[in-house]
Amino acid sequence: MLALLFAVLVAVSPPGATAQQASTEVLYQEARRLFDALDYERAVTALSQAITALEATTPPDATRNERLATAYEMRARSKFGLGDQDGAKADFVLLLKLSPAHALSGQVSPRVVALFEETAREVVTSLSVSLTPATATLALDGVALPGPGTIRVAIGDHTVTATQAGYRPLTQTVTAVAGTTTEVALTLERVSSVIRITTIPADVDVKVDGVAAGRTVASTDAPGTASASAPLLISDVATGAHTVELTRECYVAVTQKVEVERPDDYTVGPVTLRPAVATLSISADQPGAQVFVDGKDRGVAPLKVPDLCDGEHLVELRTPFGSDSRRVTLRAGSDAVVEAILKPAFAIVSVSGGTTPSPQQDVRVIVERAFAASKTVTLIAPPADAAQKALEASQLSSDWLATDTAGRPVGASAQIAGPLRKEASAKLADAFRAQGVASVTMVSPARVIIALLSAGSASPDVVEVALDSPPSIAAAVARLDRSISLSRTSLGLQLIDVADVPGAVIVGIDANSTAVSTAARVGDVVLQADGKPVTDAAALTTLVEAHNPGDVVALDLRDAAGAAKRVELKVLPTPRLIGLSEQGLLANRILLDLRARLAEATDPFEQSVVRLNMAVALARVVDWTAALEELQRVKLPEQPGVGNGTVQYLIGLAAENLGNRAQAEAAFKAAAGSDSLLTENGPPVKELAEAKLVELQRAPR
Amino acid sequence: MKHALLFASLIVAVTVSAPAGPAAQGSEDLARRQYESGRSFVQKGSFAEALKDFQAVVDSFPQSAYADDALLDIALYHLEVARDQAAAQAAADRLLKEYPASDSAPMAYVLVGRLTIAKSRTPASIDTALASFERVPRLFPSSPAVAAARFYTGDTLRLARRTDDAVPHFHRVTLEYPRSVWAARADLAAAANLVASDRATQAFARLQRIRQQFPGSPEAEMALNFNTILYRLYVRKPAPFAFSGRFIGGEKDRFRDIAGVAVDDAGRILLGHRQGISIFDPKGTLVRTVVAVEPSAFFVEARDRVVVIRDGILLPERLPAVGVMVPVPNKVPRQLEDVPSAITLSGGDRLVADRKGKNVVRISQAGKFLATFAAVDAERLVRNELDDVAMIDRESKGIVIADRDGRVLSRIPAKGPNYQFDDPADLAFDLLGHLYVLDSRKVAIYVFGPKNRLLTTIASAGREPGSLQKPRAMAIDAAGRLYVFDESSQRIQVYQ
């Protein structure tokens with residue numbers, strides 16, 4: 001039955017050491033059960049099978065040897081119980097050769113003990129081993145010994161080996177003689193030096209003379225504690241001066257000199273490395289900025305991070321409208337400050353066309369560095385593989401946004417329809433947590449065209465730059481940074497300069513000006529404002545621009561008859577508007593700026609002006625739907641300059657582009673009755689709207 | 001001088017491409033240096049020296065990146081300074097033939113269009129010029145010359161009196177290139193359009209913006225002049241002009257037998273009298289005198305050259321005298337004898353009043369008779385910025401206004417609402433096309449606006465200093481100041 005069981009176990013067990021161990025253990029336990037049940041006959045058979053299996057077990061480790069020795073003992077005692085004394089003795093011989101120091105266990109018959117001791121006298125003797133140095137590692141017949149001293153061994157020849165770093169290994173053959181203690185003395189010859197390094201804490205990288213020599217590991221005595229590490233042995237160290245560098249991230253590095261004068265053991269440590277941390281205070285120019293340090297979310301700025309390791313850290317702040325990313329190098333014990341300026345970011349996702357300056361260089365990174373000086377926008381080059389992955393996810397080729405210098409799409413870019421580009425720009429910007437995306441089209445190895453798309457835009461801004469020309473880069477950065485002013489202050493007077501007439505001549509008074517109800521008249525000359533001389537209209541404009549809306553400015557006038565008079569006028573806010581078709585205006589860049597401004601705007605006038613400008617920027621990137629939505633939320637009075645007439649004209653354009661003829665016509669009619677201008681510099685929307693109405697009348701319904 | 005400034009500003013605006021390769025570096029450097037030398041001469045007003053440098057670049061370094069720029073500069077010089085249309089055309093044609101893809105090619109197309117319109121304003125010429133301008137945005141959409149092309153499209157339509165068609169083009173320049181000098185020029189032209197369409201006061205704000213956006217520029221100066229003129233005529237009341245207290249010339253200078261008064265592009269005042277032509281700087285200090293015995297008339301043409309007329313002979317400064325033979329039906333041609341007035345047109349042709357023939361004839365710069373311009377016995381001739389010519393008709397005492405080809409556009413009769421000419425003695429156009437008529441006997445100056453509507457009458461008769469008693473001649477400067485010669489005081493009095 002046991003044979004059958006064994007056969008079944010062998011058959012069902014998968015091949016390999018583990019299966020072998022499992023089956024051997026089963027055999028062993030079954031044999032032991034039979035032995036304990038005093039069923040010696042079946043026990044002998046079972047033990048023989050277990051012994052065969054144990055003898056075949058590799059490697060012959062201590063556990064196997066202990067099991068085998070016990071199996072030999074049990075079989076010897078079983079045979080003795082069955083009256084087979086020779087067989088019992090033979091098993092005792094095998095037992096003692098395997099384990100010379102073995103002692104019988106449990107309650108054993110004195111007769112068996114006598115046979116065992118008799119056999120021991122024939123098979124086992126004593127061996128006394130002495131060792132210099134005592135710390136060397138000792139082995140007998142390849143099996144490690146705990147150390148020097150007297151040990152029980154089988155009678156006969158044995159090999160004793162001693163090794164230690166810095167010493168020549170020594171092997172000696174010795175014959176253990178029965179009935180006496182055989183002595184063997186091993187003295188190792190010193191041949192080189194050894195440095196033993198211990199650190200607190202462990203996991204410290206060690207360099208000797210600048211060459212990595214390993215890392216200390218936690219001592220097995222107290223793993224996971226701040227106690228000294230296990231020694232790291234550096235062998236074969238030449239005679240002379242050596243430098244040991246100990247480094248661990250977030251700890252102050254330690255360097256020690258070791259003078260090796262002669263072959264010997266040298267000890268370094270335990271060396272205690274002091275923690276190296278700094279405090280970083282982070283603030284932002286915008287509220288609600290999320291802070292990430294080395295990619296880890298640390299909360300909302302302003303905040304203080306007290307436990308940053310010294311060294312370089314990537315500090316990023318993000319809001320929906322911009323980000324700030326910078327690398328900060330901290331010194332242990334320092335209090336560093338980051339005052340982040342969040343700027344809208346364009347992620348440079350692709351490069352196409354021409355040849356790059358060098359195959360090893362990522363042009364996107366060169367562009368990122370070239371535009372680092374920009375005060376209003378960030379161009380970031382995400383890792384190349386991430387950019388490629390994002391493009392592939394959107395099924396876009398590298399020339400998906402390639403343009404010529406006029407901004408016209410070239411290559412695959414020409415095949416991408418507006419809606420697809422809008423979707424792609426939004427998706428890619430989101431993938432890199434940026435506010436827009438950018439692509440680089442190579443014109444020559446150094447000359448590139450950069451196309452910028454705000455998220456959700458279809459029509460890119462185009463900036464051409466020679467990357468090897470600082471003036472060209474500076475000009476491009478200046479273009480990106482060109483600020484837009486959304487309002488100015490005025491008195492509601494139309495003023496002109498006249499040759500031979502000092503001062504500023506009033507040639508018109510706006511209906512919303514407080515001058516309407518004063519003594520000011522067309523033809524009057526402004527001579528002073530707030531007591532300061534007004535040499536010309538520009539001087540008065542400058543003076544008024546220094547005031548806030550609601551302030552009062554006193555004007556000294558002279559009328560046509562030469563009479564003097566004084567009036568006091570209230571300063572009014574006057575909207576400004578970016579050009580709907582101004583060449584070179586970077587609408588995508590402006591759009592990002594305006595989105596951020598809108599988020600901060602609280603004053604209804606300011607909100608309206610921002611929305612109006614956003615509408616124009618959206619129209620420029622061909623998003624008429626969004627433009628119309630913004631325009632419908634703009635509230636401006638009917639006034640000269642940019643006013644309600646401007647809004648109506650733009651609503652007309654948006655409706656026309658969206659195919660809503662009736663809405664367009666109504667808006668153009670409203671604009672045609674207005675004195676507003678399209679921008680503060682003209683032209684009058686009245687003329688533009690009238691032309692549009694003529695166009696609509698001519699167009700088939 | 002005004003043209004020279006424009007020419008200089010265009011030169012500065014030219015962009016130069018980088019050299020093609022290291023092999024040509026040496027000659028490229030030489031070309032660059034020669035070209036920059038030329039530009040330097042232009043900025044100093046030394047056009048002859050500049051032309052030599054530009055020509056050297058074209059001749060010696062035709063493969064350089066500067067050859068096309070030099071050719072463009074040569075063409076601009078001939079068009080705007082020398083007024084040699086043939087030479088300008090040759091340079092532009094060569095540029096377009098040999099450097100069709102260069103960065104100067106777009107401006108060459110603009111120049112070709114301008115040349116076309118300078119030669120003729122027939123509908124066919126207008127269309128040809130417009131086609132040349134249109135090529136620029138179509139072929140070179142990102143070129144800075146697009147703004148210029150759009151401006152000249154509008155300006156050509158303005159010159160063709162298609163005011164409504166011109167307006168959108170000026171708007172487009174303003175909207176698309178608000179920071180370009182072409183936007184300022186478009187605003188100036190649009191302002192002139194508003195004045196021509198009797199909406200003068202709407203031009204104020206537009207002109208003032210030019211001053212604020214382009215301070216210190218020639219365009220800002222022009223805007224100041226425009227606004228000054230408009231202020232006087234449309235805002236200042238009740239008297240648009242007042243005696244400034246200034247006289248032209250020294251305290252004791254007196255002049256007799258006046259041939260006329262003129263103001264050149266530099267603002268200098270010229271007075272023709274029995275001993276020649278005295279030239280005063282804008283402050284009234286005598287600069288020099290062109291000696292001539294009892295000239296009957298004089299005029300100033302390109303590069304401020306004074307042309308004196310005596311006994312029917314034209315005597316241009318520093319150039320040979322020009323006698324003019326005019327055809328007589330079925331008879332031997334006769335020489336011009338009595339010329340009370342003459343002018344030069346923008347293209348270089350001259351108009352001469354032929355008292356004996358009782359008409360106005362058109363002659364070339366070389367004195368060749370080209371055509372009878374108008375059958376008007378003209379006492380005075382004057383032209384405006386559009387090349388329209390106003391003539392005092394001795395016979396009717398009215399004013400005849402013709403286009404540059406002699407087609408009569410309108411007439412201002414001797415008598416009309418609120419005025420009557422007794423002795424119209426002189427004429428002047430201001431920069432915005434208002435016509436000023438000096439009547440000696442009435443001691444008044446009548447100012448006519450669009451559609452020949454009388455805008456105002458300037459009457460300063462009296463005996464106090466600065467009053468007029470026997471006004472005989474007048475001129476008007478860019479800022480609309482009036483320079484009136486009065487036979488009583490025998491001096492030029494300034495009104496502003």
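1. Start with one residue pair in chain A: Leu317(A) has Asp324(A), in S22(A), as its bridge partner. The two strands around this pair are S21 (residues 311–319) and S22 of chain A, which run antiparallel and share 9 bridges. Strands count as paired if DSSP finds at least two bridges between them. Strands themselves are DSSP runs of E with at least two residues, helices are runs of H or I with at least four, and both are numbered from the N terminus.

2. A word on what you are looking at: this is a predicted model, where local features need pLDDT of at least 70 and side-chain atom pairs count only at pLDDT 80 or more, while totals for chains, interfaces and linings use all residues. Residues are numbered from 1 along each chain as its sequence is written, and chains are lettered from A and ligands numbered from 1 in the order in which they are written.

3. Now widen the view in chain A. An open, antiparallel sheet is built from 4 strands in the order S19-S18-S21-S22. Strands S19 (296–300) and S22 (322–330) of chain A are the edges; each has a single partner strand, so one side of each has no neighbour in the sheet.

4. S2(B) pairs with S3 (residues 269–273) of chain B over 4 bridges, in the antiparallel sense. Within that pair, Val263(B) sits opposite Ile269(B).

5. Which residues of H3(B) are buried? They are Ala50(B), Leu51(B), Asp53(B), Phe54(B), Val57(B) and Val58(B). Buried means 20 or more other C-beta atoms within 10 Å of the residue's own, exposed means 12 or fewer, and partly exposed is in between, with C-beta atoms placed from the backbone.

6. Finally, see where the chains meet. The contact takes 28 residues from chain B and 29 residues from chain A; residues are in contact if their C-beta atoms, placed from the backbone, lie within 7 Å. On the chain B side, H11(B) gives the most, with 7 residues.

Note on methods: Two residues are in contact if their C-beta atoms, placed from the backbone, lie within 7 Å.
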